[in-house]
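Colleague: Please take a close look at one part of this model and then connect it to the rest.

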Amino acid sequence: MVYYIVIPAHNESAFISLTLDSLITQTMLPSRIVVVDDNSTDNTAEIVKGYSQKYPFITLVNSLSDPVHLPGSKVIRAFEKGYATLDEDYDVIVKLDADLILPENYFEKILAAFEIDAKIGMAGGFAYIEKNGEWILENLTDKDHIRGAFKAYRKECFLQIGKLKPAMGWDTVDELLSKFYGWKVVTDESLKVKHLKPTGANYNKAARYKQGEAFYSLGYGFIITAIASAKLAVMKKKPSLFIDYMMGFLKAKSARKPLLVTKEQAKFIRGYRLAKMKGKLSGKVKI
């Protein structure tokens, strides 16, 4: 299978070499790697140019966006810039962050999963962070969720869900829409990805409000948003985030901001999330 990779990057000079090194040593190499340098003020672009001169399948795209690091829209707009430079002769499209080290057999196993089951629309491994000299699971989400840092999509699924939404919550709505259309989302616990920078390290309070807005835009409704906000605040060990998330939700609701999904999709999403929550309470679904 042919796979392309797009890597949005903003001031990633400390990590981008490690990420690219882990890609050029894959047991199954990508046909294209596009790094989008998004308004960096360090030497990210120069580092990528060095790789592109040595490896013709690596290219650099420059993008000038707002320097404020708000989650969602900035990274996906950069992804879109990179994706626009690619042809459509791929089987799998991958969105990667620029601060990862992937195991050398990562894409060999990801592509094998896609080949074995034609109904798999998305696949990925698990993020690990370094703590006290050890690499431990970055336990911020359920184990059936693929982190936004490393998303691999079957082409047909990617196009059917309308590609990626340039908004906070894009890496949740993509999976929910995949399931809405009958695709499977698969995670492989044997694929341990080293995440070199903690999630949300550069986010400010406005970004935390965006999480609540994202819950609104997914069509969650008040009750599901409250439960999801409480769970995320506990997982991040910051109880005050619950208030930020709920404020973001209420502000978006009061402004009647448009949803990222249709009414039919929102109804499916609420039903899916409620069923999953009930399953966890009854002990039928592992958290």
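Colleague: What is the relative accessible area of phenylalanine 180?

Modeller: Phenylalanine 180 has a relative accessible area of 22% and is therefore partly exposed, a class between buried, under 20%, and exposed, over 50% (1.4 Å probe, protein chains only). This is a predicted model, in which local features need pLDDT of at least 70 and side-chain atom pairs count only at pLDDT 80 or more, while totals for chains, interfaces and linings use all residues. Residues are numbered from 1 along each chain as its sequence is written, and side-chain values use heavy atoms, with hydrogens and water left out.

Tyrosine 181 is likewise partly exposed, at 31% relative accessibility. The whole structure holds 17 aromatic pairs, counted where ring centres of Phe, Tyr or Trp (its six-membered ring) lie within 6.5 Å.

Turning to the wider architecture, the domain assignment, automatic or from a database, gives domain 1 (3-195) and domain 2 (206-282), whose C-alpha centres lie 24 Å apart. Their contact (heavy atoms within 4.5 Å) takes 18 residues from domain 1 and 22 residues from domain 2. Between these domains there is one salt bridge, a term that requires a side-chain nitrogen of Lys or Arg within 4 Å of a carboxyl oxygen of Asp or Glu. Aspartate 144 and lysine 276 form a salt bridge in which the closest N and O atoms are 3.0 Å apart.

Methods: Phe/Tyr/Trp six-rings, centres within 6.5 Å; stacked < 30°, edge-to-face > 60°.
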